[in-house]
Every structure is written in structure tokens, then in C-alpha cells.
Amino acid sequence: MLETIVNFLNALLWGKLLVYGLVGAGLYFTLRLVFIQLTHFKHSLKVMTMSRQGCESGLSSFQVFCTSMAARVGAGNMAGVAVAIGAAGPGAVFWMWLIAMLGMATAMVESTLAQVYKVRDTNGQFRGGPSYYMEKGLGQRWMGVLFAFFLIIAFGLVFNAVQANTITGAMERVFGFNPTYVGIGLVLASGFVIVGGLRKVARVSEFIVPIMALAYILIAFIIVLFNLEQLPAIISLIVKSAFGWQEAAAGGVAYTVAQAMQAGIARGLFSNEAGMGSAANVAASASPNPNHPASQGFVQMMGVFVDTIVICTATAAIILLSGDIGSSEDGIRLTINAMSNHVGDWGGAFIAIAIFLFCFTSIIANYSYAETNVMFLTGNSTKALPLFRLCVLGMVMFGAVAKISLVWNLADVSMGLMATVNIIALLLLSGLAIRVINDYCEQLKSGKMPEFDRSKFPELMEQLDDGIWQDNSANEQAKTRTESALSR
């Protein structure tokens, strides 16, 4: 019964609503911002590289970038890419690329709004995200409550079950570990980190994420170099399969354009989260540098690029160059087998360890997203957090031993409902977001270091809390360093 309902909702959300909603919103923001993901790509890199500076309160932009990457880089990048290719052929990769390029503009808008409408909690930590900009920007608390509920279900519970499921599947296949024992170990490790709250999650992510991402990309790059002569044929296969121009994949299986689009967009969104409003929750926690909401938008825009265009493509290359692209629901098996075909038996162990690190950091980062929304629902009270943490750890244990197809399908439903609510809010607030981003770009074009002056936006004067975006004279030393970096 549950499986029937889940499958119906997935068909409705991903077969119709979100395919048009996500692509349409991404295209709309791309056009309104004049292809900002291309014209300001180099600037985004600069902002990200200097984002360790200027953290007087809250988290640094680099810590926030790593935390959002910890949530993004997980099961979707490895098992999810394999599932998409196995279910819908190589063409799914093309649609993942497209949704990522359009999603970069969407991420820019939602992260900018999260910064604009951020608040301080009782500990002085910045908090924010879609729930907050729905309440403050739209004046619709009910909408923020609805989003918070969906996010807590999706990220606090279902997605963490997905990550745990992926870890135990890899550990069982490669090392023969009992899923129950792996689940217990995950619960203990996750519990140790999440009891420290957002700051501890950020510190752990800042340490693990760069190391694991660079190692994985390096291995994929080496594999591509050793198979360079096959690369043109693989790219051609991806494009032709995306538009149904040939029977793609082993055994002459014919995949439709609709199959490729649905699988690619669903897995692409699950991986990079653009439009879902998830990364915006941690984006609001940054003390941005330059001191402007749009600067964090640039950082998060790069997060989408690195996640899908770089890391998901690395996984796709490993799988497609191996030739093992038969239909399968077991993405872990496809990824492990593909890596083993390239580098031998140690490849399976490498993938298992990579999956463990990717998915473990996703669990703790997903928790941090949900924590912000629990506090939104409870008026910034921390009393509900201990019980919520127990629920999160319970879902980690459930995911370790659950049926894989049901867990993935539940993830798609909860993600779809979240994205639907967020896209509506983004479109309603798009006018303000675009004006804020254009304010940043105009200052940058004139040679100034962008700095936010909320008095330029009269509608914000009654919407923002006191002390938010008022002290623009602080951190002058960081301002000087940033101005020098931006001029290079």
C-alpha cells in the first residue's frame, strides 16, 4: 500500500510538475540574471577562495560551502548517478548537466534570499533559509511551517536513511560487514557530531569534504586519461541517448527521452539540491565576505557546479568507460564494479570508503538543515532538539537495513514536495532577489567592494530584525583584503 502511494506521488511530481517547475524556474532566473553562472563564473571562484576571511560572527563562507557540499556530495553522486544510468541510459547524464547549469542560477537566488532574511538565534548564531524568507519576505508563516515540515521529513529523516542505506550496501558488498553492525557504528559516529550542533558539523565538514572530494576527482581524472580515446564516443553516446537518437546501452535497450529526462533531473536535483531550498538553510549561517547577501549566492552557485558538473560527471565517466551500463536498481553495485574494472580489486574498497565518507558527512549536514527548521517551528527554542536527534539516529538505523527501492522512492517524494513549495516562494520573491544581486554586480562593475545597504530596499526596513545588515563598518581589515583579492 505504502509503495503504491509513493510510486503514484513520484509519477505526479517527477513526471509532470517538477520537470517543468525546476527547468522553468532555472531558465527564468538564468535569463533574468543574464546568464550569471557563465558571465560571473570566474568571480564565483574568487569569492569562494577568499571565503575563509571576514568571519567575525557566525560561520565563514568556506565552512558553509563545505557543509553544503557535505550534504550535496553523497549517495546521489555515486549510487544515484549509477541508478539514473541503469534505469534510463547514458542520456540521463545530459539532463543532469542541464539541470545543474540552470540550477546554478536558482541556487544563486535562494541563497541570496536566505542571507537577506537571516536572523540570530539565542546563541548569536545566524539562522535562516526558505522558512524564514517565506515568513518574513512573504508574510506567510503557514508556508514556512509547511516547508519546514517537509524539510525535516526529507533531510532529517528520509535522506539520512538513504545515506545509511548506501553506506551499508557498500560495506556489505565489498567487506562483507553485517548491515546491522554498520548501522550501529553510523548511529554512534553521527550522534557524536550532531550533539555539537551546527558549529561542530561545520568543523567536521571543513576537514573531511575537501580531502574526500579531491581524492575522488583525482582517481576519476586518471581513469579518463587512461581511456582518453574513448571519451569522444562516450560524449556522443550521452547526447544521442538524451534525445532518443539511438538505442543506448548494453543489450540494445531503447530508452525514451522522457525516461532520460525524469531520471536525470530527479537524480541531478537529489545531488545538487538546487531549487529545493536545502542548502539555503546553511547559506544563511555565513558571515559573508564581501559583506553582501549575494556573495554567499556566488559561493553556493559554485557548490552546484562542483557537485554535479564535476563530481557526478566523474562517477558517470567511471561507469560509462567501464562498459557496464545495464539496467539495475543497485547503483552501488554498478559503481563498485565499474571502478574495479578500471583499477582492479582495490577499486571496490576505494569506492566503499569514499561512499562511507561522502554519505556520513551528508548525514551530519542534513541534520544541520533540519535543526534550523526545528528551531524555526519552536521559536528558536532548543528544547525539542534532543528528541529530534534521537529520531534522526533512529532513521539512520532504519536506513541501514531497509529495502533500497522504497527508501530511494520515499526520498524522491519528500524532495519533490519540498521543492514545489520552495519554487513558489522563489518566484514570488524573485523581484527582490534579482535587485539585490544586481546591486552587488553594479558595485563590482564600478570597481567597489560590494557592500549591502538595506536602506536601498525600503520594503526590507520592516521585514528584517534589528542588527541584521546594519553594521557595515565592521571588519575593515577583512574588507581591505577582499578588495585587493577582487581586483586581481
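So, helices and strands: the protein chain here has 20 helices and two strands. Both are DSSP runs, numbered from the N terminus, with helices being H or I of at least four residues and strands being E of at least two. Before I go on, this is a predicted model, where local features need pLDDT of at least 70, side-chain atom pairs count only at pLDDT 80 or more, and totals for chains, interfaces and linings use all residues. Residues are numbered from 1 along each chain as its sequence is written, and side-chain values use heavy atoms, with hydrogens and water left out.

Okay, the overall picture. Of the 488 residues in the protein chain, 61% count as buried. Buried is under 20% relative accessible area, exposed is over 50%, and partly exposed is in between, with a 1.4 Å probe and protein chains only. The chain exposes about 17800 Å², and carbon and sulfur atoms supply 65% of that. Those areas come from the Shrake-Rupley method with a 1.4 Å probe, and for residues only the protein chains shown count as cover.

Now contacts, meaning heavy atoms within 4.5 Å. Take the ones between residues at least 6 apart in sequence: 83% of them join residues at least 24 apart.

Let's go inside. Which residues have the most contacts inside the largest nonpolar core? They are Leu113, Tyr117 and Tyr216, in a core of 142 residues. The largest share of this core, 17 residues, comes from helix H14, residues 293-322. By nonpolar core I mean a set of buried Ala, Val, Leu, Ile, Met, Phe, Trp, Tyr and Cys residues joined through side-chain atoms within 4.5 Å. If you click on Leu113, you'll find that it touches Tyr133, Leu426, Leu429, Leu432 and Ala433, leaving out residues up to four places away in sequence.

Another residue to look at is Met415, in helix H18, residues 404-428. Met415 is buried, at 0% relative accessible area.

Then the surface. There's a nonpolar patch of about 630 Å² made by Leu218, Phe221, Ile222, Leu225, Phe226 and Leu228. Phe221 lies in helix H10, residues 197-226. Patches are made of residues with over 30% relative accessible area and no salt bridge, where like charges are joined within 9 Å and nonpolar side chains (Val, Leu, Ile, Met, Phe, Trp, Tyr) within 5 Å.

On to the rings. Rings of Phe, Tyr and Trp (its six-membered ring) pair if their centres lie within 6.5 Å; planes under 30 degrees apart are stacked, over 60 edge-to-face, and the rest tilted. By this rule there are 16 aromatic pairs. Why is the pair of Phe41 and Phe305 edge-to-face? Because the planes sit at 70°, with the ring centres 4.9 Å apart. Phe41 lies in helix H3 (residues 41-49) and Phe305 in helix H14, so the pair ties together parts that are 264 residues apart in sequence. Phe41 itself is partly exposed, with a relative accessible area of 25%.

Phe149 and Phe150 make a tilted pair, 5.9 Å centre to centre and 55° between the planes. Phe149 is partly exposed at 47%, whereas Phe150 counts as buried at 16%. And there's a cluster too: ring pairs link Phe155, Phe159 and Tyr369.

Last topic, charges. How many salt bridges does a search of the whole structure find? Five. The rule is a side-chain nitrogen of Lys or Arg within 4 Å of a carboxyl oxygen of Asp or Glu.

One of them joins Glu371 and Arg389, with the closest N and O atoms 3.5 Å apart. Glu371 is in helix H16 (residues 346-377) and Arg389 in helix H17 (residues 385-401), 18 residues apart, and the pair links distant parts of the chain. Are the two buried or exposed? Glu371 counts as buried at 2% relative accessibility, and Arg389 counts as buried at 16%.

Asp439 is buried at 8%, while Lys456 is partly exposed at 45%. Finally, Arg141 bridges to Glu135, with the closest N and O atoms 3.1 Å apart. Arg141 is partly exposed at 32%, and Glu135 is partly exposed at 27%.
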